[in-house]
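The sequence and structure come before the points.

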Amino acid sequence: MENLLSDAEMNAVIEGDHGNVFAVLGIHRDKGSKNVFIRAFRPHAKSIEVIGRDGTSYGLMTKLDDRGFFQINLGVGENFSYHFKIENDRGEFYEAEDTYRFQPTLGDIDIYLLGEGNHLEMYKKLGAHVCSQDGVKGVSFAVWAPNAKRVSVVGNFNNWDGRTCVMRKYPTCGVWDIFIPGLGEGEVYKYEIKTQQDYILTKSDPVGFYAEKRPHNASIVYDLNHYRWNDDEWMQNPDRHNRLDGPMSIYEVHAGSWRRKGENGKEYLTYREMADTLVPYVTNMGYTHVEFLPLAEHPLDASWGYQVVGMFAPTSRFGTPDDLRYLIDKFHQSGIAVIMDWVPAHFPKDGHGLCEFDGTHLYEHADPRKGEHKDWGTKIYNYGRTEVSNYLCANALYWLKEYHIDGLRVDAVASMLYLDYSRNPGEWIPNIYGGNENLEAIAFLRRMNDLVYGLKQGSCTCAEESTAWPMVSRPTSMGGLGFTYKWNMGWMNDTLKYISKDPIYRQYHHGMLTFGLLYAFNENFILPISHDEVVHGKGSMLNKMPGDEWQKFANLRAYYGFMYTHPGKKLLFMGCEFGQDWEWNYDESLRWHLLQYPMYKGMQNCVRDLNLMYKGNAPLYEVDFDYHGFEWLDHANAADSVISYIRKGKTPGDYLIVVCNFTPVVREEYRIGVPEDCGYQEIFNSDDKNYWGSGVKNDGMRYAERQDWNGKPYSIKITLPPLSTIVIKPMHEVR
């Protein structure tokens, strides 16, 4: 019988150089022939017998090359389902499906959308998916590598031999796919990529759902369809947890160091163990949100998760993807929203990652003036490439839809917005208008934010953006970037500088305390006391405070009181809530043993009560982003380092009065103006003895006197405790 296969083609398959291996292997008619051929490349096979679905033997294949190339000519006929009975080179027999007899895994619409760079559920097509074809269970693989000469799936199942599971290429979209029968969940795999320059790369899956625990870095087949959520009530009420006029008190957590276990305290808690410990802790402390430093897969512990290699894979350090879902589920069942750090600004150069993925600068810019972060030694995404922008947008939606994440805190936004970010003259390329704005990154961020908002899932996005870029948290329809919130780095820097000064000098720096109100309503601000403030030699929050031990704690309690009553949502990094004495170390647990001492326990009590007061009083959160929610009583008393102001809710007459005394002096008979002729009662005092304070307080009711003060028709006299914040509430009972 005829054989239309040339030696050159056969050698190309054997050597992994054939441009279209599906045209050679498997069952088909060669062009110009009426005969049906089956061809196989099995390097370790001694013989192969073809068996039909009904068990009929179609005979042994002819071994055309000792390196493992087989063929059988079945004569005139039609394609049919079959499998192989193989004798290997050790004389063992086994049965196996022929990978190359199965159909493509991508449909025409998928190919079109992927080619267009507009497939927002691309993760349902790319990556590895457990599925069936022709009644046979297996895994479909698909990966974007348009410039590769050849792409193969490799793993233990084929001895990591890139010649045996060579993928099919779709030239119009640059995607390669293959269905490999017999594989299932838990299979370890990578993509072997042969570049146009004939060198071999071995890459993890850019859309892999799970990965090996470092230092290993292969992807793992994982079926995301198993988990059954129990947060329907939460997900069906999307407006309740991220409203601009709602309370937002965020506990920022690094999952690897919140708490450790084991004899040496070096073992991580799992996601499920966190569900049993972290969830009740956050709930009992009165927080409304938890925010995790990046949970996507990353190779280096010391990066804290900010150098991501697996954008679609929760880190395996703490368990499986479903274990993370369980943790998020438990937070939702406890009424806590979950925010996750998301890193679209850059990615590391690790060889198994996205860097030069198919032998070209696929995900990153080729020109280092646009493509490299010198500060971080990382690559910058090419936001102008539609497939890359789509990859990142789809990833954002993936976390919200598949993991029920309630918000994304977008890291390093400033580095994305400016082409000259951390660059000297000559080290950057201006945009088409000659400016330093990264127009492509801006377009990406706007699209991403519009897509998140368009989900109508109540999800928020928070920008870590440290410059004066306008309208970061304004809708894209207004020309803004579309974020829900922006971190207020200016307020954080100014007020931390102020509170770190000895009280005797604070009168000369009073403006640092009050300046933030000049721009407080320009954006929807979050006030962030984050991980960045307690690392790299900056010391812990407690150790930033001046004075003796008592004064350090008093200063910090007063500062937190100021923060919780200031316009803007709140964020506090783990450990700061009980005044950890050492700065944060990613490689060890928080110093929980300190809570046996009254000063640390008192600090924790103070923060818990601040959270409860904050959530329980609408004036502290309802009108955070409008000047109608704030009014100064006295911002000019620099000599005493005292400020006083009113926070107002939406309902007329619903307000609180806040007074902060940033000196260690008790100020008795201190008069403040009040707007109404009624009684006033202290509802919070950071100097409370339960917080390890001195216990100076304002007992009972203080009734307004008809003496105008601070521009108000009435006033009251109160006692200001040393280094304190107090909150006073009007009591509208009949006098």
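Buried means under 20% relative accessible area, exposed over 50% and partly exposed in between, with a 1.4 Å probe and protein chains only. Helices (H or I, at least four residues) and strands (E, at least two) are DSSP runs numbered from the N terminus. This is a predicted model, in which local features need pLDDT of at least 70 and side-chain atom pairs count only at pLDDT 80 or more, while totals for chains, interfaces and linings use all residues. Residues are numbered from 1 along each chain as its sequence is written, and side-chain values use heavy atoms, leaving out hydrogens and water.

**Strand β13**
- In β13 (residues 175-181), seven of seven residues are buried.
- Val175, Asp177, Phe179 and Pro181 point one way, and Trp176, Ile178 and Ile180 the other way.
- Strand β10 (residues 136-144) pairs with β13 in the antiparallel sense over seven bridges; pairing takes at least two DSSP bridges.
- Val143 is opposite Trp176.
- β12 (residues 168-170) and β13 are antiparallel over three bridges, and Tyr170 has Val175 as its bridge partner.
- Four residues separate the strands of the β12 and β13 hairpin, where Gly174 has a positive phi near 75 degrees.

**Helices α4 and α5**
- α4 (residues 271-284) and α5 (residues 321-333) pack at about 20 degrees with axes 9 Å apart; axes are lines fitted to C-alpha atoms over the stretch in contact, and angles run from 0 to 180 degrees between N-to-C directions.

**Gly59**
- Gly59 lies in strand β4 (residues 57-60) and is partly exposed at 25% relative accessible area.
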